[in-house]
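Me: I'd like to learn how to read a model like this one, feature by feature. Can you walk me through it?

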Amino acid sequence: MPKINLSRRTLLMATAAAVPLVSMPTYRARAAGLEGVELQRYQPVFFAADEWRFILAACDRLIPAEGKGPGALETNVPVFIDQQLHAGLGGDVYMDGPHKADAASTLGFQHNHTPQQMYRLGIKLAAQYSERIHRKPFDQLAPADKDALLSALEKNVVDFTELGEPSLKASQFFGQLLDDTKNGYLADPMYGGNKDMKAWVAIGFPGARAAYTEWVDVHDVKYPLGPVSLSGKRA
Amino acid sequence: MTNITNDEVDVVIVGLGWAGSIMAIELAKEGLKVRALERGPERPPEDFAYPKPADQYAYAIRNKVFVTPRDAALTVRYNTGETALPTRKWGAFVPGNGVGGSGLHWTGVLIRPTQTDIKLKTYADQAYKRGALDPDMRIKDFPFTWEEIEPHMDKFDKICGLSGTTGNLGGQIQPGGDPFEGPRSNPYPLPALHDTLNSSLFAATARKMGYHPFPNPSANVTQAWTNPYGAQLAPCNYCGFCSKYPCLNYSKASPQTTILDVVKRMPNFDYKTGANVIRVDLHADKKTAKGVTYIDEQQREVFQPAKIVILSSFQFANVRLMLLSGIGEPYNPITERGVIGRNYAFLSVGDATLFFKDKHFNPFATAGATGEMFNDISPGNFDGPGLGFIGGAKIHSSQASGAPIGTALPPGTPAWGKGWKEGMVDWYGRAMKVSISTSCMAYRGHYLDLDPNYKDPWGQPLLRMTFDWRQNELKLQRHLRGIVLDIAKELKPDAMSENFLGLDSHWDITKYVSTHNVGGAIMGTSPRDSALNRYTQSWDVHNVFVPGGNAFPQNFQANPTALIGAITLFAAEAIKQQYLKNPGPLVQA
């Protein structure tokens, strides 16, 4: 496992946020599929520039670079989220009304927002909250303040109804963002996240090897081989 | 909308999962002209060649081979006083779709109900004092004997290549198997799956505590197997992608691997995909069906004439089609009149997750059915009457899949941030589960009907489910929790989390339980309180047969597929032996 340091993360953040995205050549990355994308050169297909800065900053706190294992930016998790939303994530959901947003949580998702709408609205309202509390956009907050704001979304301390949204709760937006972030971290790299299978290497998951006839009888010994992706690459 | 009429067939089959595939081959072999209509897409085995299914995100998270809620949502409410709301996303259960149905991506645990499960009402009447059980409970016996159904379970075992350890061979208890199983006419066709570390630890501890563990009976075959239809399966390679995934190795028994490859070669069988049946068309007297109507892929309405109609789609899709078609009187929970929709039952699960900082479980090296279970806590095998509830569970430690999204972490681990990430690094692959899968009784107020508010994309009302946990099931959970925690403590984990229902729990549709939904069009001995006779034949419309989980009068602790296979084979036999010669009711009401 290569050790990740903070300056690497800062560099990623700075480049991703500062470079005018429209000018970046993306054709070379596309030729190699989403696995070959470099986050700094990636041009989002779903998120607008300010939304993208929020996503980069939020993912960076949900799975930060510090400590053991790679962070969300090093593993291209924002690319995964952008690509999934662009590809119609949530198109399988039953969306017909009437919607009863205040239904018991045990009856599941009942508000009237697709994941795409949830992201756009959630980011907009989180940005308003950040400006109100800190007079700064979310991505410019100190790490501790970012964490506090994410936590306030998670726990509905940010009251979306107060910000004019009657149906969606802050925790629902946060839950979707967190699930997608974890999915992008741990899914096969072909979806754009888990770059170079770094998350799988860190936790010890061998990916798509999918053949353990001999190993099933070997008990309590760490599996020795590193991961393979669906495209056949090894890490 | 264009109206088209197809050529008439002897048998039309609605839904090409396990039940539909069994009916297809059994009736086609009889020389009948058989046509199957499948709502979902074609799912040929080559689509699942290695490594395609080794993709947790596509299959287990995004439900790649399941029907979408957009197309097949239900509505759910806890009691008749509430407005039901749609299952906008799948949670507690996830029905399949396409050729093979749920049989394409099941886990492959192929275990039979016990003799007591088959005659639960008889057991209840004998073992419980009058008034001891919830007065709203509506449990019933299955309308056949063990001796009548066992040969069909035996045949289904052979179709699937059941791998495991025999417990009761013709009344003789066998070492290493389940001593509580009903007598088998034949031993398991193939030996058991190998134990993973969790299975070995669990089995040794359970045995020490006086229980009778045995390897999970598996339709992930352990050796090369040629089934009675001539289909061949290859030994399971413990790939780790099973439950919710199609098999990448031709090892898991599915309609594709055991039946469809054979029946597709028969000239008197064909099938259409993208054919969404919207109703069964009845003759004016409503005593017989003349065929079915479906919407094809070009959105045309097509009439398919047929002499016999087999409804073999998923449990609740079968019930909904009967309601939409006016087959049988809809159930009314107030008057208890009517038969379509009654006795819906689900089931509950629970578990303790045990974390060991120094153990390597390698959770990815596993077959779907890998595990050990015991049946000591199923009805009749312990003091249910003394504890004040009826029902039971299989208690097991299984390792159905080990892919990392959704990995359980020790209590206190943050849900995100550095703590979550380091929790994944420290604890992935270092945990095992001890789990329960319970029975679930039927109640007067638990039923299915058509929703008044929500419609599907074809303009037809969604099915409405009225269901919640009852005290009987919650008391059972609390009792089982005690047993699981005792076993867990013996294993001395470094950390442990638990997930069981409390006595005030409501059914949570967001958390996956299983897709073992049953009832709604149940089999029985009287048209007064059942929709189908013992051959899954509609009491009201005699050329309509409805084999599937819908026919179970309540749920037992074993997985349903073995009995679904058996009742379908039993029904197919009755059609071949009796119905073809003399079409009409096979049982006199």
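Reply: Ground rules to begin with. Residues are numbered from 1 along each chain as its sequence is written, while chains are lettered from A and ligands numbered from 1 in the order in which they are written. This is a predicted model, where local features need pLDDT of at least 70, side-chain atom pairs count only at pLDDT 80 or more, and totals for chains, interfaces and linings use all residues; side-chain values use heavy atoms, with hydrogens and water left out.

Me: What does chain B average in pLDDT?

Reply: pLDDT is the predictor's confidence in each residue, from 0 to 100. Where it is low, the predicted coordinates should not be read in detail. Chain B averages 97, and 100% of its residues score at least 70. Within chain B, the lowest confidence is in strand β1 (residues 3–5), with a mean of 93, and the highest is in strand β22 (residues 544–545), at 99. For the model, ipTM is 0.96 and pTM is 0.95.

Me: How many helices and strands does chain A have?

Reply: Helices (H or I, at least four residues) and strands (E, at least two) are DSSP runs, numbered from the N terminus. Chain A has eight helices and zero strands. Of its 235 residues, 53% count as buried, where buried means under 20% relative accessible area, exposed over 50%, and partly exposed in between (1.4 Å probe, protein chains only). As for contacts (heavy atoms within 4.5 Å), residues 24 or more positions apart account for 61% of those in chain A with a separation of 6 or more.

Me: Is helix α4 of chain A mostly covered or mostly open?

Reply: Mostly covered: nine of the ten residues in α4(A), which spans residues 77–86, are buried. Among them are Val77(A), Phe80(A) and Ile81(A), but also Asp82(A), Gln83(A) and Gln84(A). Just after α4(A), Gly88(A) has a positive phi of about 95 degrees.

Me: Now two helices from separate chains. At what angle do α7 of chain A and α11 of chain B pack?

Reply: Axes are lines fitted to C-alpha atoms, for helices over the stretch in contact, and angles run from 0 to 180 degrees between N-to-C directions. Here α7(A) (residues 170–186) and α11(B) (residues 418–427) pack at about 35 degrees, with their axes 13 Å apart. Lys182(A), Tyr185(A) and Leu186(A) meet Trp420(B), Lys421(B) and Met424(B).

Me: Salt bridges next. How many are there over all chains?

Reply: The rule is a side-chain nitrogen of Lys or Arg within 4 Å of a carboxyl oxygen of Asp or Glu. By that rule there are 42 salt bridges over all chains. Take Asp157(B) and Arg112(B), with N to O at 2.9 Å. Asp157(B) sits in helix α6 (residues 146–160) and Arg112(B) in the loop between β5 (85–86) and α4 (115–118) of chain B, so the pair ties together parts 45 residues apart in sequence.

Me: Are those two buried or exposed?

Reply: Asp157(B) is buried, at 2% relative accessible area, and Arg112(B) is buried too, at 7%. Another pair is Arg320(B) and Asp456(B), whose closest N and O atoms are 2.8 Å apart. That pair links helix α9 (residues 315–325) of chain B to the loop between β19 (447–455) and β20 (461–466), 136 residues apart. Arg320(B) is buried at 14%, and Asp456(B) at 7%.
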